[in-house]
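Please open the model in your viewer and keep the sequence panel beside it. The tour goes from the pair of protein chains to the contact between them, and then to a DNA strand.

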Protein chains: 2
Amino acid sequence: MIELLIRYIKDKIDNQLTESDVRILSDVFYLKKIRKHQYFIQSGDVCKMAAFVVKGALKKYTIDASGKENILELYIENWWVGDKESFMTGAPTPYNIDAYEDSELLVINKDDFTHKLSKLTFMTELNNVLTERQSFQLMKRLHSSQTFTAEQKVEQLQNTYPEFFQRFPQHMIASYLGMTKETISRIRKNAANK
Amino acid sequence: MIELLIRYIKDKIDNQLTESDVRILSDVFYLKKIRKHQYFIQSGDVCKMAAFVVKGALKKYTIDASGKENILELYIENWWVGDKESFMTGAPTPYNIDAYEDSELLVINKDDFTHKLSKLTFMTELNNVLTERQSFQLMKRLHSSQTFTAEQKVEQLQNTYPEFFQRFPQHMIASYLGMTKETISRIRKNAANK
DNA sequence: GTACAATGTTGATCTAGGTCAATGTTTTTT
DNA sequence: AAAAAACATTGACCTAGATCAACATTGTAC
């Protein structure tokens, strides 16, 4: 399983991984299986793990006063799961993350991250690349959220992450895009007639 | 002027700045004054500068098909200005940035950034801290954008960046929050009667 | 293979916030 | 100090998308 992560990292960084790097990675990451509907973190927890998705599908969301679920992120294979802000600062997370499919995660504890990984240059490089990419994506999502019509949002998602439409039910996609299941249903019906 | 930047950096990083660090900073950053309404970058440009606001106020925005301005970021003293994605990747920016007040910026060119700063550890540290913070903020803004009412959005902004209400006209705040000037006007009138 | 949960569709109705237009106020320019 | 921009307010009306409710379809567990 760790091979998937090694391959992923090699792809993202400029330099090569040494044998020692690979050994450390294999040492600190451990496989955790989580079943459909099981929580990875719950609102109020401090997020003490970060994880790489080897297999499965998960979602990050909040629940509002009226009980409505608001999905912020969807995760499938090769995505990193967790609340980075809580992980880094130790503040309780406002989010829930749970599995939508039975999943396999490569998990690292905060403690190992701090002591065994954070001084490895390839790891800080990876971390920076990912944080930067995340922030670029969020800027685009915020812009779309504020300026696009529901139809444009769906179309954009079909262009950026078409996989999501295969892996998640429509009502979850709708929530991720900040609209209702009825709206996305009508939009897709319409799009089919074009 | 550079002292402001030095002080700012010292505040953000763990280690001390050496004399050599300070010399390099003074060397690569230069002061640029920009007048009200003047562009810092325009949509379609490649962003070849990053800048620290010493004095003034600016905005980042797009213009949609119908001519409506959509503000994505507001900047005042001690904020960093630019399109980081365009700056890092060399892709043309989709955004405009211009001055809302006469402003003074400490500017660094991409070339100097790459060759003279990017190998200094304090600078990569600063860069990472800022990118991370940016991404945390964007996540919160996206969540608010998708789940808050107009009223809640205004209230949240008053708690997070109350300065904005002093520095920018209401119609710009409205655009930043993704609503119209009429809506924010009615909300604030209401809030006053509480 | 029957039952039950999860998912998706469709129509009727509602509403938060947008649009439009007129008017008022404050700031800037000359 | 007058004229012109820029900014803000208010009312009337409109609309994209939400809500509500009923029903259809698909998946899953026993």
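To compare copies of a chain, they are superposed by least squares on the C-alpha atoms of residues with pLDDT of at least 70 in both. This is a predicted model, in which local features need pLDDT of at least 70 and side-chain atom pairs count only at pLDDT 80 or more, while totals for chains, interfaces and linings use all residues. Residues are numbered from 1 along each chain as its sequence is written, chains are lettered from A and ligands numbered from 1 in the order in which they are written, and side-chain values use heavy atoms, with hydrogens and water left out.

**Stop 1: the two protein chains**

Select chain A and chain B together; a rotation of 180° with 0.0 Å of shift along its axis superposes chain A on chain B, with an RMSD of 0.0 Å. That is the relation of a two-fold axis. To find the axis from chain A, select A:Ser135, whose C-alpha is the nearest to it in that chain, at 2.3 Å. Both copies use the same surface, since 100% of the contact residues of chain A recur in chain B, where contact means heavy atoms within 4.5 Å.

**Stop 2: the interface**

Now show the residues in contact: 29 residues of chain A meet 29 residues of chain B. The area buried between chain A and chain B is about 2600 Å², with carbon and sulfur atoms giving 62% of it; buried area is the accessible area (1.4 Å probe) that two parts lose on being put together, summed over both. Select A:Met139, A:Leu142 and A:Gln146, which supply 23% of the area that chain A buries against chain B, more than any other three residues.

Which residue of chain A forms a salt bridge with B:Lys84? It is A:Glu132, and the closest N and O atoms of this pair are 3.0 Å apart. A salt bridge here is a side-chain nitrogen of Lys or Arg within 4 Å of a carboxyl oxygen of Asp or Glu, and the count between chain A and chain B is 4.

On the side of chain A that touches chain B, at least two residues each come from β4 (58-63), β5 (69-75), α3 (84-89), α5 (121-147) and α8 (170-176). The largest share of that side, 15 residues, comes from α5(A).

**Stop 3: a pair within chain A**

Select A:Glu69 and A:Lys59, whose side chains meet in a salt bridge (4.0 Å, N to O). This pair links distant parts of the chain, with A:Glu69 in strand β5 and A:Lys59 in strand β4 of chain A, 10 residues apart.

**Stop 4: DNA strand D**

Of the 16 residues around DNA strand D, A:Ala150, A:Thr183, B:Gln170, B:Ser185 and B:Lys189 come nearest. Of the DNA strand D atoms within 4 Å of the protein, 67% belong to sugar or phosphate and the rest to bases.

Note on methods. Near = heavy atom within 4 Å. Helix = DSSP H or I, 4+ residues; strand = E, 2+ residues; numbered from the N terminus.
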